Amino acid sequence: MNTQNETLVRNFYADVWNQGHIDAAGKYYAEDYVDHNPAVPGQPAGLVGAKVVFSAFLTAFPDLTFTVDQVVSDGDKIAARYTAKGKNTGSFVGMPPTGKSMVVTGIELYRIAGGKVVERWGSFDQFGLMAQLGTIPAPAAS
Amino acid sequence: MNANANAPSPHVACLMRLYGTIGQGDIPSLVRELSPDMRWHIMGAPYLPQAGEYTPDTLGQFFQALSTAFVFTAFDVQDFIERGDDVIVLGTSAGVARATGNAWHTQWINHWKFAGAGGKPCYFQDYIDTANAAAALEQLPALAGL
């Protein structure tokens, strides 16, 4: 267990996602961090790209709240399982707001060095998100 | 110097064995290694054919649905992150959707829980890029670029 890394990650979710302090992202992410799973189309590299992601989601879901359900840390790696909730009242990757609420679960895995995130992997149910927003059709009957 | 310093823990050694078993398609051997109350969760319902919750008794249905929908051309386990009875596994897979011929590549993250020291796996959650998988199946044409 690495309590410093756990504290870093928990503070990141609270500060950047839940408080919307995008400009504070540099406290948690290294300038040249590598995102192995970019979350938005055309995401720039590094910290600049991370801020693009935070801005895209917080614009679309201004009340977005992340609950960290569990962290699993091992050496310089730490995984965080989360539940994210929010109401889509802003434009999201070019789509107009739907006014609908969503709840999705996901996981992010970070490598920490020098007290900051230097690599990130992540996955969440994007399809589930789109289904809840009503931006994809119901599945065809089999 | 401890000669076993780099040896995998019992939990990780078990999972390395299980991923090998999965790669060989030996589902009966996989099931024998799982706790009887195992719950196996796959996201993407109701759109992805393999999505749902499975038990050891129904796990064969998951692999059947998966192999009906996709041909796998690569499956790589990259890293294990372990604390106590929780193990997070990072990997990638690639393949082709049988119905469309579309190629598919994704990072995946698996969360396993063990039923205590010496216990068997009792929980599995697969986190994948569901939009990518759905696009390969052409379930999601409008979001293929997301």
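Of the 146 residues in chain B, 28% count as buried.

## Two buried residues in chain B

Val87(B) belongs to strand E4 of chain B, and Val87(B) is classed as buried because 23 other C-beta atoms lie within 10 Å, where 20 or more are required. Setting aside residues up to four places away in sequence, Val87(B) touches His11(B), Val12(B) and Leu15(B), as well as Phe80(B), Glu82(B) and Trp112(B). The C-alpha atoms of Val87(B) and His111(B) are 6.0 Å apart in space, although 24 residues separate the two in sequence.

Ile109(B) is found in strand E5 of chain B and is likewise buried, with 25 other C-beta atoms within 10 Å. Its contacts, leaving aside neighbours within four places in sequence, include residues of both chains: Ile107(A), Leu109(A), Trp121(A) and Ser123(A) from chain A, and Ile88(B), Leu90(B) and Tyr127(B) from chain B. Between Ile109(B) and Phe80(B), which are 29 residues apart along the chain, the C-alpha separation is 9.9 Å.

## The interface and the nonpolar core

The two chains meet through 26 residues of chain B and 23 residues of chain A. On the side of chain B that touches chain A, at least two residues each are supplied by strand E3 (70-83), strand E4 (86-97), strand E5 (103-114), strand E6 (121-128) and helix H4 (130-136) of chain B. The largest share of that side, four residues, comes from E5(B), the strand in which Ile109(B) is found. Sorted by class, the side of chain B that touches chain A has 16 nonpolar, six polar and four charged residues.

The largest nonpolar core has 54 residues, of which Ala79(A), Leu109(A) and Ile88(B) touch the most other members. Ile88(B) is itself in contact with the other two, Ala79(A) and Leu109(A), and also with Val72(A), Ile81(B), Ile109(B) and His111(B), once neighbours within four places in sequence are left aside.

## Chain A: overall form

Chain A has three helices and five strands, and from the N terminus on its elements run α-β-α-β-β-β-β-α. The radius of gyration of chain A is 15 Å, close to the 14 Å that the globule rule gives for 142 residues, so chain A is as compact as a globular protein of that length. Taken along the principal axes, the C-alpha atoms of chain A fill a box of roughly 50 × 30 × 25 Å.

Of the 142 residues of chain A, 36% count as buried. Among contacts in chain A with a separation of 6 or more, 50% are accounted for by residues 24 or more positions apart.

## Strand pairing and a loop residue in chain A

Strand E3 (residues 77-87) of chain A is joined to strand E4 (residues 101-113) of chain A by 11 bridges, and the two run antiparallel. Within this pairing, Lys85(A) stands opposite Val103(A) in E4(A). The loop between E3 and E4 of chain A holds Val93(A), which has a positive phi of about 40 degrees although it is not a glycine. Val93(A) is partly exposed, with 15 other C-beta atoms within 10 Å.

E4(A) is also joined to strand E5 (residues 116-124) of chain A, here by eight bridges and again in antiparallel orientation. Ala113(A) has Lys116(A) in E5(A) as its bridge partner. E4(A) and E5(A) form a hairpin with two residues between them, and Gly114(A) in the turn has a positive phi of about 60 degrees.

## Confidence in chain A

The mean pLDDT of chain A is 92, and 96% of its residues reach 70 or more. Among the elements of chain A, strand E3 has the highest mean pLDDT (97), whereas helix H3 (residues 126-133) has the lowest (87). Where pLDDT is low, the predicted coordinates should not be read in detail.

Conventions
Residues numbered from 1 in each chain as written. Chains lettered and ligands numbered in written order. Predicted model: local features only at pLDDT ≥ 70, side-chain atom pairs only at ≥ 80, totals over all residues. Contact = placed C-beta atoms within 7 Å. Nonpolar A, V, L, I, M, F, W, Y, C, P; charged D, E, K, R; others polar. Rg over C-alpha atoms; globule rule 2.2 N^0.38 Å. Buried ≥ 20, exposed ≤ 12 C-beta atoms within 10 Å, placed from the backbone. Core = buried A, V, L, I, M, F, W, Y, C linked by C-beta atoms within 7 Å. pLDDT = per-residue confidence, 0-100. Pairing = 2+ DSSP bridges.
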